[in-house]
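Me: I would like to learn how to read a fold. Please take me through one model, feature by feature.

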Amino acid sequence: ENPEDRELLRGVVVHMADLSAQTMPTQIAMNWGDRVISEFKIQAELEKKKGVKPEPFFASLEDKGEIAKLQLNFVDIFVAPLWKLFSEMYPDHFNEALTNLEKNRQAYVYASTELSNLSSSSTFYEAK
């Protein structure tokens, strides 16, 4: 009933929605991941043009294995902990999302070990 608690919860739910692509079926999650990587590439190019040194992880955005590691870390560090916490609070509401999240995580594990030499024009989903 505390307004500050409600505001915190509202913020967490919005954050969950922002991270929800990785809880979708694999093809959707991978397509969103590809979009984010495309944005990172554009950002890195713009930063270079302005004389700003891009983030170190931008240097490996052409290597599918490295992209998969980046996505895997994103899932493990940001997405999974938040979604797992909410699934404990509301156990009957997040089963499908958590199942999808684990499938997507496994796809990134596979890609990080097996797909390092793919061309940058293919997507994880197409390669798998």
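Me: In what order do the elements of the protein chain run from the N terminus on?

Reply: Helices (H or I, at least four residues) and strands (E, at least two) are DSSP runs, numbered from the N terminus. Here the order is α-α-α-α-α. That is five helices and zero strands. A word on the source: this is a predicted model, where local features need pLDDT of at least 70, side-chain atom pairs count only at pLDDT 80 or more, and totals for chains, interfaces and linings use all residues. Residues are numbered from 1 along each chain as its sequence is written, and side-chain values use heavy atoms, with hydrogens and water left out.

Me: What share of the 128 residues counts as buried?

Reply: Buried means under 20% relative accessible area, exposed over 50%, partly exposed in between (1.4 Å probe, protein chains only). In this chain, 33% of the residues are buried.

Me: Is Thr-23 buried or exposed?

Reply: Thr-23 counts as buried because its relative accessibility is 5%. Thr-23 sits in the loop between helix H1 (3-18) and H2. Contact means heavy atoms within 4.5 Å. Leaving aside residues up to four places away in sequence, Thr-23 touches Val-79, Trp-83, Glu-96, Ala-97, Asn-100, Leu-101 and Asn-104.

Me: Which residues of the largest nonpolar core touch the most other members?

Reply: In soluble globular proteins, nonpolar side chains tend to be buried together. A nonpolar core is a set of buried Ala, Val, Leu, Ile, Met, Phe, Trp, Tyr and Cys residues joined through side-chain atoms within 4.5 Å. Here the largest has 18 residues, and Met-16, Trp-83, Leu-101 and Tyr-108 touch the most other members. H3 and helix H4 (95-114) are the elements that give two or more residues to this core. H3 gives the most, with eight. Apart from this core lies another, of five residues, including Phe-58 and Ile-67.

Me: How much space lies in the largest pocket?

Reply: Rolling a probe the size of a water molecule over the atoms shows where empty space is left. On a 1 Å grid over the protein atoms alone, a pocket is an open set of points where a 1.4 Å probe fits, with protein on both sides within 12 Å along at least five of seven lines; lining residues have an atom within 4 Å of a point. Grid points are joined across faces, edges and corners, and the volume is the space filled by probe spheres set on the points. Here it is about 240 Å³.

Me: Which element gives the most to the lining of the largest pocket?

Reply: H2 does, with four residues. The lining includes Trp-32, Phe-40, Phe-57 and Phe-74.
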